[in-house]
Amino acid sequence: VTAPQGGARGGELFKTKLCTHFERHGSCKRGEHCSFAHGPQELRQPQPRTGVHRPNPKQHYQQQNAPSSAGGSSKGPWLPPGADASGGKSATTFGSTFDPSFAVPKRLRDVSSELVGAVNDFHFAMVNDLERNEFYRAAMAQVITPKSRVLEIGTGSGLLAMIACRLGAEWVVAVEANRDMAELARRNIAANALSDRITVLNMLSTELRLKDLPRKPNVLVSELFGTLLMGESALEYISDCRRRLLEPDAKIVPPCGCQYATLIECPDLEAITSVGSWDGIDLSCLNSLKDTVSVVFTKQYGFRFGSVPHNQMAPRTCVLDVDFSQATPSSTLRRREFPVQIQRAGTIHAVLLTWEAFSSPDRTGPVMSTDPAKTSFARDMQWGQALQLMEDVEAGGDSPLPVPFKAQAGEWLTMVVRYTEDWVLLQCELRRRPEGPGSATTATV
């Protein structure tokens, strides 16, 4: 946030830089009072000074994405930060977001502000996630031969395209939505003497046509995962490529993945999301505003969840099982119920949301996971995990305050999972289940 040129008018401050958390994940814990703009429409707009709320991520997603027929979603797929392939130069350059008196290196002045923010927020961490890179090499090694024609969507630095080339692919076409990043990918590829086998196209994959390709690809590589498995519209982009561009028997890398939900007890999390009293002064009325609706990313909270003491209250539940070689966005119900048996008595403070991607269809090879017990510092700085706070809504009734969800060992609960129409966001709800376990209904697509 900076004062307008010539000094602040009426004490107002203006937002001059895009919030990378909001652009990447569709939500921001600070809401309209974040110091950064939640979309280009907020740039140079006065910043409100009182009150803080957490926005509805789906509402933002619907507002920021124009309707599109590609991929089958009426809302249009998630767009990567800094995507400018369709609309010319990004309206906001990095240099323009600073006070005119501030020094900005020439190399950064005219680059997309969104792109600089995104690269520094998560991209460096992503390419330095060494186990992620090994996962992709292992997954591609299972399917790439000298006859492989590879399409990569969302190439970024060009790393995965170069891995495919080193594994012996005949050629690779790599698609990148941001022109500055596409040019950097070309430079990386040239520096590694692979320009004769890799072509980088500056466009969204939904804009790609068969005429842009030497032949139909028989391998598709992508890394379109967010903090939630579907958080970057992987299903829409991949199914669109399968339908329009790929050979019928094309291999998809990675081929499948699972979204998991785990009930946890975590007093430290409770300590920063609710209040009781201090020195005999009751402050609990503030809890009437406790948000048990939104999904919040651990990176927004500012901690690595693996470093926070917590107890797992029940086995993790696979709430979405995705076969990327067959799935389409409309191929399954968006609301499912899962029986969950509590393993230990305690308070369920939150649902922890993690995912796994598999390198082979039979799921016997290397696995890429956001489980806090299996992540690295780099992975937590890129993806981390998601949390949704819980309350006992049924026990609360008309109470103005949330009621903690206490459970006994052996007790059965129902976890209701709802996905938005575009599958990008999900929400969990817990209910008592007096009738016993029943049957699970894992969403498989």
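User: In which loop does Trp423 lie?
Analyst: This is a predicted model, in which local features need pLDDT of at least 70, side-chain atom pairs count only at pLDDT 80 or more, and totals for chains, interfaces and linings use all residues. Residues are numbered from 1 along each chain as its sequence is written, and side-chain values use heavy atoms, with hydrogens and water left out. Helices (H or I, at least four residues) and strands (E, at least two) are DSSP runs, numbered from the N terminus. With those names in hand, Trp423 lies in the loop between strand 18 and strand 19.

User: Is Trp423 buried or exposed?
Analyst: Buried means under 20% relative accessible area, exposed over 50%, and partly exposed in between (1.4 Å probe, protein chains only). Trp423 has a relative accessible area of 3%, so it counts as buried.

User: What phi does Trp423 have?
Analyst: Most residues other than glycine have a negative phi. Trp423 is not a glycine, yet its phi is positive, at about 70°.

User: Over how many bridges do strand 18 and strand 19 pair?
Analyst: Two strands pair if DSSP finds at least two bridges between them. Strand 18 (residues 412–419) pairs with strand 19 in the antiparallel sense, and the number of bridges is seven.

User: Which loop holds Ser233?
Analyst: Ser233 is another residue that is not a glycine but has a positive phi, here about 60°. Its relative accessible area is 2%, so Ser233 is buried. Ser233 lies in the loop between strand 4 (219–222) and helix 8.

User: How many of the eleven residues of helix 8 are buried?
Analyst: The buried ones include Ala234, Leu235, Tyr237 and Arg244. Helix 8 (residues 234–244) is largely enclosed by the rest of the structure, because the number of buried residues is nine.

User: How many disulfides does a search of the whole structure find?
Analyst: A disulfide is a pair of cysteine sulfur atoms within 2.5 Å. Cys241 is buried with a relative accessible area of 0%, and Cys266 is buried at 0% too. For disulfides in the whole structure, the count is zero.

User: Over how many bridges do strand 6 and strand 14 pair?
Analyst: Ten of the ten residues of strand 6 (residues 256–265) are buried. Strand 6 pairs in the antiparallel sense with strand 11 (residues 317–323) over six bridges, and two bridges join strand 6 to strand 10 (residues 311–312), also antiparallel. Ile264 stands opposite Ala350 in strand 14. With strand 14 (residues 350–358), the antiparallel pairing has a bridge count of nine.

User: What is the bridge partner of Leu151 in strand 2?
Analyst: Strand 1 (residues 149–153) pairs with strand 2 in the parallel sense over five bridges. Strand 2 is largely enclosed by the rest of the structure, because six of its six residues are buried. In strand 2, Leu151 has as its bridge partner Val173.

User: How far apart in space are Asn178 and Met203, C-alpha to C-alpha?
Analyst: Asn178 is found in the loop between strand 2 (171–176) and helix 7 (179–191). Asn178 counts as buried, because its relative accessibility is 0%. In sequence, Asn178 and Met203 are 25 residues apart, and in space their C-alpha to C-alpha distance is 7.4 Å.
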